[in-house]
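Here are my notes on this structure, as numbered points. Please keep the model open while you read them.

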Amino acid sequence: MRDPQTGYEMEPTTGLLSAQALFFFTAGVEPCANAIFSTLVLLCRHPKILEKVHQEIDEHFEKHKNNITYDVICEMEYVDKVLSEALRLFPPIGLLTRQCCQDTVLPVGNVKVAKGTKMFTPIYEIHNDPKIYPDPEVFDPERFSKGVGPMMIFTCHSEWVTGRVSAPGMPSCK
Ligand code: HEM
């Protein structure tokens, strides 16, 4: 197995593949459980939003004659906004860590970063920054309405974890 970008090679031994399978399982279970828990708690605290979620789900059950598939779930725009807002308020992973593997310069701000430097991305703080999300403590799924503005990019399922090293479970967990 060879990474085409870095040239890094690994032997796909049984041990390595088993470890990957176990990691995939644990990486999938914990954040999903957290996301479901925080979404349900927020919906309990906001009965009007819960009612709208219920209504949208009922409409889709009716429209698709109780045949709810993955594609049908993806059509539920309000449910999507509610999940996004719950993930913003309570990101299951609040901090990303990386170690720089070569001397580089960050394009934004022209910041020099030396090889070996440890970098932290404070997802929780970004999600709760009032300059990015006004009144960050308010649970407002409408923040994620289409065309709300360019500021809504810092969610844990957005630019910060897309690209080569991304969260592979994101489409399925949403
Ligand atoms: C709400 C649900 C989820 C959230 C919020 C989430 C979030 C994340 C985040 C932020 C990372 C990056 C961590 C880092 O680089 O330090 C990550 C990585 C990862 N996630 Fe998820 N995830 C979710 C669901 C899932 C599911 C369902 C699976 C698998 C079925 C999964 C498998 C993975 C794996 C394997 C990685 C490591 C990727 C890599 O390092 O190349 N995740 N996830």
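1. D135 sits in the loop between α5 and α6 (170-173). Helices here are DSSP runs of H or I with at least four residues, strands are runs of E with at least two, and both are numbered from the N terminus. D135 has a positive phi of about 45 degrees, although it is not a glycine. Most residues other than glycine have a negative phi. D135 counts as exposed, with 9 C-beta neighbours inside 10 Å. The cut-offs are these: buried means 20 or more other C-beta atoms within 10 Å of the residue's own, exposed means 12 or fewer, and partly exposed is in between, with C-beta atoms placed from the backbone.

2. Two ground rules apply. Residues are numbered from 1 along each chain as its sequence is written. This is a predicted model, where local features need pLDDT of at least 70, side-chain atom pairs count only at pLDDT 80 or more, and totals for chains, interfaces and linings use all residues.

3. N66 is another residue to check. Its place is the loop between α2 and α3 (70-74). Phi of N66 is near 65 degrees, a positive value in a residue other than glycine. N66 has 7 C-beta neighbours inside 10 Å, so it counts as exposed.

4. Now the overall plan. The protein has 6 helices and 4 strands. Along the sequence, the pattern reads α-α-α-α-β-β-β-β-α-α. Of its 174 residues, 11% count as buried. Take the contacts between residues at least 6 apart in sequence: 58% of them join residues at least 24 apart. A contact means that two C-beta atoms, placed from the backbone, lie within 7 Å.

5. Where is the largest nonpolar core? It has 7 residues: A35, V53, V82, L83, A86, L87 and L89. The largest share, 5 residues, comes from helix α4 (residues 77-89). A nonpolar core is a set of buried Ala, Val, Leu, Ile, Met, Phe, Trp, Tyr and Cys residues joined through C-beta atoms within 7 Å. In soluble globular proteins, nonpolar side chains tend to be buried together.

6. Look at α4 itself. It has 13 residues and reaches 19 Å from its first C-alpha to its last, close to the 18 Å expected at 1.5 Å a residue. The expected span is 1.5 Å times one less than the number of residues. The buried residues of α4 are K81, V82, L83, E85, A86, L87, R88 and L89. Their cover includes α1 (14-45), α2 (47-63) and α5 (123-127). V82 touches T39, I49, V53 and P141, leaving out residues up to four places away in sequence.

7. Compare α1. Its 32 residues should span 46 Å at 1.5 Å a residue, and its end C-alpha atoms are 47 Å apart, which agrees. α1 is hardly covered: the count of buried residues in it is 1.

8. How do α1 and α4 cross? Their axes come within 9 Å and cross at roughly 105 degrees. The axes are lines fitted to C-alpha atoms over the stretch in contact, and angles run from 0 to 180 degrees between N-to-C directions. The two helices are therefore roughly perpendicular. That label covers 65 to 115 degrees; under 35 is roughly parallel, over 145 roughly antiparallel, and the rest oblique. A35, S38, T39 and L42 in α1 meet V82, L83, A86, L87 and L89 in α4. The residues of this contact divide into 7 nonpolar, 2 polar and no charged. Nonpolar here means Ala, Val, Leu, Ile, Met, Phe, Trp, Tyr, Cys and Pro; charged means Asp, Glu, Lys and Arg; the others, Gly among them, are polar.

9. L43 lies in helix α1. It counts as partly exposed, with 18 C-beta neighbours inside 10 Å. L43 touches I49, L50 and V53, not counting residues up to four places away in sequence. L43 and A86 are 43 residues apart in sequence and 9.3 Å apart in space, C-alpha to C-alpha.

10. M119 is found in strand β4 (residues 118-121). It counts as exposed, with 11 C-beta neighbours inside 10 Å. Beyond its neighbours within four places in sequence, M119 is in contact with R98 and C100. The C-alpha atoms of M119 and Q99 are separated by 5.9 Å.
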